Amino acid sequence: MDQRKEEVTRRPLYVYDLPADILTTLTRKHDTEEGPHDDISTPSSTKDPVPESRIESAVGSKSCSLCGVTIHTVEDQRSHIRSDLHGYNLKQRIRGAKPVSGVDFEKLVGDLDESLSGSDSSDSEDDDEGDARKETTLSALLKKQAAISSANDGDAEDFVPRKQKRGSGKPPLFWFTTPSLPSSTYLGIYRSIFTNLEQENEAKVLDIIKNKQLAPKPQAKVPVDSNNTVPLPEAYKGPHMFLCMIGGGHFAAMVVSLTPKQTKSGHTGPLTREATVLAHKTFHRYTTRRKQGGAQSANDAAKGAAHSAGSSLRRYNEQALTDEVRLLLQEWKGMIDSSELVFIRATGSTNRRTLFGPYDGQVLRQNDPRIRGFPFSTRRATQNELMRSFVELTRVKVLEIDEAAIAAAKLAAEEAAKQATAAKAPKQPAPATPKRSEEEETALLHTTQIQALIRRSKLPALLSYLNNNNLPPDFLFQPQDSQQNFHAPTPLHLASSQNSAPLVSGLLIKGGANPTLPNGDSKTAFDLAGDRSTRDAFRVARSDLGESKWDWEAAHIPAALSRAEAEQREAREKKEEAKKEEERRKAEAARLAEQGPKVVDGPLGKAAGRGRALALGQVQKTAQEKREEEARGMTPEMRTRLERERRARAAEARMRAMQGGGT
């Protein structure tokens with residue numbers, strides 16, 4: 001079975017020439033016959049969609065919840081967002097009305113002879129009418145509905161067949177299974193290649209497919225008319241279809257025979273079946289401004305006729321393209337009239353008017369039941385694009401569904417939904433902090449004030465605060481279970497831990513604090529002292545208060561120390577420190593004298609700089625420098641007098657010199 005699957009997927013299956021083992025065992029997928037689900041799309045995707053019953057749980061698949069369209073790729077999503085169906089359904093939601101399916105929307109816009117960009121096409125450059133045309137068309141449809149709605153007492157739902165519900169449009173593909181392939185493999189055939197009568201009789205779709213099978217024929221040259229190169233009637237007696245695309249000044253048309261041709265790829269190679277192109281033609285005219293879009297006629301209708309050279313050229317090319325297309329359709333009238341199906345993509349009112357007129361000798365008519373839109377996105381109208389579209393239409397889609405992955409994804413989605421529901425549930429309010437009593441609030445206030453005074457070493461203010469508020473010197477800070485209050489529960493403990501000797505002395509002697517009280521670690525205030533001056537404050541207090549005041553041994557305080565002895569020892573320590581500092585400075589000066597730069601005695605050489613020589617006093621000063629040195633420190637009046645005297649002496653010297661020279 002796996003080998004057969006590999007053979008099938010190696011080369012695409014042709015709908016009109018299926019292998020015998022697959023054709024005889026082909027069965028309709030039962031869970032798709034009950035009716036489409038909300039996620040079934042209108043023809044919009046070039047990818048192979050999954051069976052309807054598995055759309056919602058398929059791994060990686062997405063859909064438009066507004067239109068009920070399944071989206072498989074980013075390109076499909078962009079194409080659908082630009083489509084007329086999505087734009088119309090957005091307007092419906094704003095108006096508070098129900099969205100419509102793709103089939104219903106085609107019926108609504110059929111009488112308008114207009115279409116929004118992207119409805120049957122186009123992720124290409126074929127946006128002929130631009131944004132202004134899109135809004136105009138949509139406005140025209142809404143105005144029409146409003147007029148009919150007012151005539152029917154405002155019942156806006158009359159435009160949608162009442163037997164249809166949201167998302168009830170038929171799926172774009174029929175799905176089948178066959179015992180020749182694994183159970184997780186499905187085969188899909190586009191619905192649009194069946195006629196309207198065949199689509200209405202879905203129960204006999206298997207028989208219809210069997211009747212559509214065609215025997216391959218050897219490759220033969222297509223006979224054509226020598227005058228206009230149009231194929232002769234005997235060339236298109238067999239089943240064939242007509243494909244046409246127009247937009248953005250590009251036109252492409254093709255007539256393809258459905259009978260596969262038989263050729264040999266090599267002398268001993270396998271037979272291959274290829275399509276036979278009976279006729280094809282492409283036109284291109286410059287009709288739209290580059291990067292602006294919109295036909296020239298649409299621009300003239302909206303803004304008035306332009307008089308530039310470019311507008312005249314585009315206006316002429318529009319008419320020339322219309323004449324060429326209509327002439328070609330007239331020449332191909334025999335092939336078009338005998339075609340089983342007609343696939344057309346015409347975006348915009350201008351392009352649809354080119355094909356459907358009305359005009360004399362009209363070939364295509366909008367009410368022709370054979371006309372179809374391409375059920376997938378298409379690109380620029382070219383011969384290659386038409387051939388790709390034909391292959392896509394007639395190729396059997398082979399899709400493999402991983403049941404385990406689908407089940408896992410479904411369970412994950414249900415679990416995510418449960419978690420989201422639980423997250424939206426109202427949360428339990430956090431237990432409220434018990435309200436403090438008035439005594440507790442007062443104790444917290446006293447704790448804050450006392451600790452602030454101790455940290456700033458404000459002894460008079462601290463003692464005054466304790467007296468004014470009738471607080472004991474051994475007041476316990478609150479709350480007692482905090483880390484700071486556990487380590488220093490009383491003012492004496494906190495002052496000792498801050499190494500504040502004046503506070504310790506004041507609390508013990510003036511405040512009467514108890515030095516024997518332990519903290520949470522069973523340490524007394526003396527144990528928390530970090531320097532000698534603080535510890536000496538405890539010993540001096542023991543001396544001043546006497547041995548009978550407290551149990552000094554329990555407070556871990558050493559022998560008493562008188563205040564005079566403490567002051568003498570402090571003075572002695574300061575003197576020793578000053579002496580050590582003086583010795584350090586002398587040693588540093590000796591080191592600099594020994595290791596610093598050497599000053600050479602005696603005259604300096606020529607290489608010595610003037611600045612260095614001047615600093616050593618070995619350079620004779622100039623007259624200007626001498627004058628500046630004499631005037632340094634004088635007031636302006638003194639400098640003026642000195643300058644006057646210097647000039648007078650100079651003048652006298654010149655006079656004496658002149659007199660001596662004359663004699």
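**Surface and core of a predicted protein model**

Residues are numbered from 1 along each chain as its sequence is written, and side-chain values use heavy atoms, with hydrogens and water left out.

Biologist: Is Tyr316 buried or exposed?

Modeller: Tyr316 lies in helix 10, residues 309-331 (helices are DSSP runs of H or I, at least four residues, numbered from the N terminus). Buried means under 20% relative accessible area, exposed over 50%, and partly exposed in between (1.4 Å probe, protein chains only). Tyr316 has a relative accessible area of 56%, and therefore Tyr316 is exposed.

Biologist: What share of the 663 residues in the protein is buried?

Modeller: In soluble globular proteins, nonpolar side chains tend to be buried together. In this protein, the buried share of the 663 residues is 40%.

Biologist: Which residues have the most contacts inside the largest nonpolar core?

Modeller: A nonpolar core is a set of buried Ala, Val, Leu, Ile, Met, Phe, Trp, Tyr and Cys residues joined through side-chain atoms within 4.5 Å. The largest one has 42 residues. Those with the most contacts inside this core are Ile193, Ile209 and Leu243.

Key:
Predicted model: local features only at pLDDT ≥ 70, side-chain atom pairs only at ≥ 80, totals over all residues. Helix = DSSP H or I, 4+ residues; strand = E, 2+ residues; numbered from the N terminus.
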